[in-house]
Amino acid sequence: MKILEHIAQDIAEKTSAVLGYPISITDNEGYIIGSTDKERLGLFHRPSLDVIRKKGLIHCRGEQFGQVLPGSSVPIMINNKAIGVLGIIGQPEEVEKYVHLVKNQVEMMCQDAFHKEMKELETKMVEVFIQQIIHYDTDEQDERIIQYAKTLGYDQEICRTCILIDIHRPLPIRTGSSESNDSHSLPYFQRDLLDYLHLIFRDSKEDILSFINIEQLMIVKPAATEQAYAALVSSLEQQLHKLNSFLQAKYHLSASLAIGDVQKGISGIAESFRNAEKAMSLGKGTANGPGVFIYDEKQAAFQLLPKEMTPELQRKLINIIQPLTHLDSYEVLAATFLSYCTHNLNLSEAARNMFIHRNTIIYRLEKINEATGLDTGSFQDCLLLYMAIRCYEEKKEGIPRSK
């Protein structure tokens, strides 16, 4: 087992320093892979094969085996299979009392290293699976992704939804750090965060969690019914609070969550992810800080409409409100009008939510009417004005600010 090869020399040196006896560790073919005497590394140790065959303790006496050193040897067992042999060099009656103690310690270390290796392998497979999903664009990819899903034990036929986690102000962590336990390294940060997310988000083996990149993670959860989806959505505020408490305390970071709709199959997961992205983009554009953003198909279509218009149509709409944009009070007037639209052209409702008098809104809407020649009491004119302001704001955001 390669794991034993990686830790054998370190075990031999540290254990020998504590016990005061030389230590020797061989692989399952009888070659020494760890030894207090480094000159013995790579040598063939024939009695180790006898230990592996017997799967039990064997005492070695120098006179029995010629050049072989005296001592006690036991097999190192993992899952009832001998992966190597541990030998403590010395008089058998003196070292026997230590050999089983050290054997147990070595086996626990190998088991721990094996579980870590398997966990890292599974994490890598999940990352590949997620990358294939988010770049999904054709049914021809189905078979390969389905095979990954089967290997990982996921049922690709159940309905799922995607949760996108966006980390704000990513850490200046060292991506190439060789110290895997360095708290300032990217691998440590990713493992630590994934472990915590498993703690607060993973409810079943069907839950999928993975990094997409340094700043984003994706969680795919089953949502078999509308009630299950509603329960998941209602829990996100509390889970985001826990996540941000963890991120703030350990890394001085914060995060936002966005959830897509419920879809079925591999292509459905990809669609839910794209919808979560839309919800995140729209939410971050209107929110002042971290939050939970929920995908709404009608709202998303309405919000994205100005971006989907042709440049020519955008130019025509912006021309309609050009006199308005030249006013010093444009920002206040535009914000008032957008709030007026959000509250279904209801003056009283808009006034209550903006904490201003109803007459103030009427005055501002009249100023807009004068500047544009449109009637804010007309649904058609309001629709044109709304799209024009949105197109203008989109264009304005795309212009680099002068330094």
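## Exercises on a predicted model

Ser210 touches Val126, Glu127, Ile130, Leu194, Leu217 and Met218, leaving out residues up to four places away in sequence. Contact means heavy atoms within 4.5 Å. This is a predicted model: local features need pLDDT of at least 70, side-chain atom pairs count only at pLDDT 80 or more, and totals for chains, interfaces and linings use all residues. Residues are numbered from 1 along each chain as its sequence is written, and side-chain values use heavy atoms, without hydrogens or water.

**Exercise 1.** Determine whether Ser210 is buried or exposed.

*Solution.* Start with the element: Ser210 lies in strand E7 (residues 208-211). Helices (H or I, at least four residues) and strands (E, at least two) are DSSP runs, numbered from the N terminus. Next, take the relative accessible area, which is 2% for Ser210. Buried means under 20%, exposed over 50%, partly exposed in between (1.4 Å probe, protein chains only). Ser210 is therefore buried.

**Exercise 2.** Describe the packing of helix H1 against helix H3.

*Solution.* Two packed helices are described by the angle between their axes and the distance between the axes. H1 (residues 2-19) and H3 (residues 92-134) pack at about 145°, with axes 11 Å apart. Axes are lines fitted to C-alpha atoms, for helices over the stretch in contact; angles run from 0 to 180 degrees between N-to-C directions. Now list the contact. H1 gives Ile3, Leu4, Ile7, Ile11, Thr15 and Leu19. H3 gives Tyr98, Val102, Val106, Met109, Cys110, Ala113, Phe114 and Glu117.

**Exercise 3.** Characterise helix H6: its span, its bend and what covers its buried residues.

*Solution.* Span: H6 (residues 226-251) has 26 residues and reaches 36 Å from first C-alpha to last, close to the 38 Å expected at 1.5 Å a residue. The expected span is 1.5 Å times one less than the number of residues. Burial: the buried residues include Tyr229, Leu232, Leu236, Leu243 and Tyr251. Their cover includes strands E6 (159-168), E8 (216-222), E9 (254-264) and E10 (292-294), and helix H5 (186-201). After H6 comes His252, with a positive phi near 55°.

Notes. Bend = angle between axes of the 7 residues up to and from the residue.
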